[in-house]
Amino acid sequence: MSQSPAQKRPHRASQREKGDPLVLPPGTTSAQFKDFIKRAQNICGADNVFVVETEDQLVDGTYKEPNKTHDMHHLYDRSHFVCSATIAPRDVPGVQDIMRLCNELEIPVWTFSIGRNTGYGGAAPRVPGSICLDIGKNMNRILEVNVEGAYAVVEPGVTYFDMHEYLEQHDLRKHVWLDVPDLGGGSIIGNASERGVGYTPYGDHFMMHCGMEVILPNGDLVRTGMGALPDKTAGHKPGVPPHEQPGNRAWHLFNYGFGPYNDGIFTQSSLGIIVKMGIWLMPNPGGYQAYMITFPKDDDVKQVMDIIRPLRLQMVMQNVPTLRSVLMDAAVYGDKASYHDSKEPLTEAELDDIAKKLNIGRWNFYGALYGPEPIRNVMWSVIKEAFSTVPGAKFYFPEDRPEPHSILRTRALTMQGIPTYDELRWIDWLPNGAHLFFSPIAKVSGDDAMLQYKVTKKRSREAGLDILCDFVIGMREMHHIVCIVFDREDPSSKKKAHWLIRTLIADCAEHGWGEYRTHLAVMDQIAETYNFNDNAQLKLNEQIKNALDPKGILAPGKNGIWPRNYPKEEWVMDGKVEPLE
């Protein structure tokens, strides 16, 4: 059914009938929605279908108990980015049937695995009134752990904690380790498909994936790479549904297969739903040692980053290390009120006092050594000599930091693939703690790091917010993760956070620093900064979207890519920055 822009807009009926959602899907009547829900219940079971009928149901929840209806870290009203219903398919055919039903009725779908994409929008849809598919609730099996090939095959609901517990229960950590992000409650597939990072040598999660099974917007099922080649010697059986067929024996060993490489278009995208994925595990290195190095001055970041670059390129630093600001660490030890009663951003002197009180630096570096002891000793001697050139640098191993909530002791777990929750504590820096992540990318350079930090610090102070940030160092680039913490119950605090992220996007674009991942509210703004040659990349993405999803059903607007039936003048949230009062 062809719809005008006015018809496409979601709407909130002033008088709703029983069974109506708080926000109807765009272009959908009450009767059509109820028909959809009835048919969805027949596909997935009534207990797997939940309609969001009232604002009372919009409970923010917590990281451990995430909501699945809206953004728990809401910049706008809770009901701004809200779904009309959540549906949890029971299996691959169920996902296919729901996608075919949504195509028939032209109802938009937003998918999530667990709902813990915290700081970037959680489970919330970009288009209000969308159906949210809870892929991870029922599809949560570890399908295989292959020690010889050092890989696992998982469904979307498998979390890092799930996989770690599996390895422990089956006595497999003596053979293989998992790479984990800062918090272990997220989906392995969800994090890799959003191109998230961890902190072992296997820290680039998408780089370490291998082989997908994907449902396209029209409900078709494909396997990527070597998975496209049936392997009769692996037990292929005629008449068995495709999703139950065993995969090619090299499916999770060789990424590329034959022809164009497709996997990348299913990351941060609206082109398919990943229902199986292979993920490479790290062979047990035979030894491990975590360490921490503290640096006393705020401007040490320049010298430190220039020391890091050659060591990282030469693989002397084997893992993905982090350089964390004083408040990034201090916020784990306590909230702002435990240090100071000021409502204003903490001053340089106050930050120095906190560093002294906690016996940490203005910058704190966390890394790890892997391998037998002779290898670790050689690596450590090179690293320690290099950083000893920074005046006042101090070196620690975990046993040197026995304090409660020691960041080094937590990172010592994270950097060997053991998931934790402890770093959740920094979210409570302010009352009713909520946060946005601002994540620009730059080369590993002292000049870039210092300039990026100065820009961020200046704008944070203008917004009246403290700066909590760290640099996550990849092989040749660094992610500057800025944690914009605000009080979600305070309209003024929310406005400051919104102003800050929009202003930083514009500032960083002027320097050629682009964000690699972002919150729903600023996806359009960031997409517009990637505008080389008259937005050639965005136009290519739109062409692919319209070819694979002609009705614009799957995740319209994700990462700024709008299908043709969503006119941009009606849907794009511009990057205009309202002045602070």
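## Report on a predicted model

Ala555 is buried, with a relative accessible area of 5%. The model that holds this residue is predicted. Ala555 sits in the loop that runs between helix 14 (532-548) and helix 15 (568-571). Its phi is near 45 degrees, which is a positive value in a residue other than glycine.

A positive phi is also found at Asn432, where the angle is about 50 degrees although the residue is not a glycine. Asn432 belongs to the loop between helix 10 (407-414) and strand 16 (433-438).

Another loop residue is Gly19, placed between helix 1 (5-8) and helix 2 (30-44). Gly19 counts as partly exposed, at 23% relative accessibility. Leaving aside residues up to four places away in sequence, Gly19 touches Phe33, Lys34, Val51 and Glu53. Gly19 and Gly247 are 228 residues apart in sequence, and their C-alpha atoms are 42 Å apart in space.

| Residue | Relative accessible area | Class |
|---|---|---|
| Gly19 | 23% | partly exposed |
| Ala555 | 5% | buried |

The next part concerns the protein as a whole. It has 15 helices and 19 strands. Its C-alpha atoms fill a box of roughly 70 × 65 × 45 Å, taken along the principal axes. For 581 residues, a compact globule would have a radius of gyration near 25 Å, and the protein has 24 Å, so the value agrees with that of a compact globule. Of the 581 residues, 60% count as buried.

Contacts in the protein can be sorted by sequence separation. Among those with a separation of 6 or more, 74% join residues 24 or more positions apart.

One annotated region comes from a record. UniProt, in an unreviewed entry, lists residues 79-284 as "domain: FAD-binding PCMH-type". Over residues 79-284 the chain is 15% helix and 20% strand. The end C-alpha atoms of this stretch are 46 Å apart.

Definitions and conventions:
Residues numbered from 1 in each chain as written. Predicted model: local features only at pLDDT ≥ 70, side-chain atom pairs only at ≥ 80, totals over all residues. Heavy atoms only, no water. Helix = DSSP H or I, 4+ residues; strand = E, 2+ residues; numbered from the N terminus. Rg over C-alpha atoms; globule rule 2.2 N^0.38 Å. Buried < 20%, exposed > 50% of the residue type's maximum accessible area, 1.4 Å probe, protein only. Contact = heavy atoms within 4.5 Å. UniProt positions renumbered as here; feature names shortened; annotations may be inferred.
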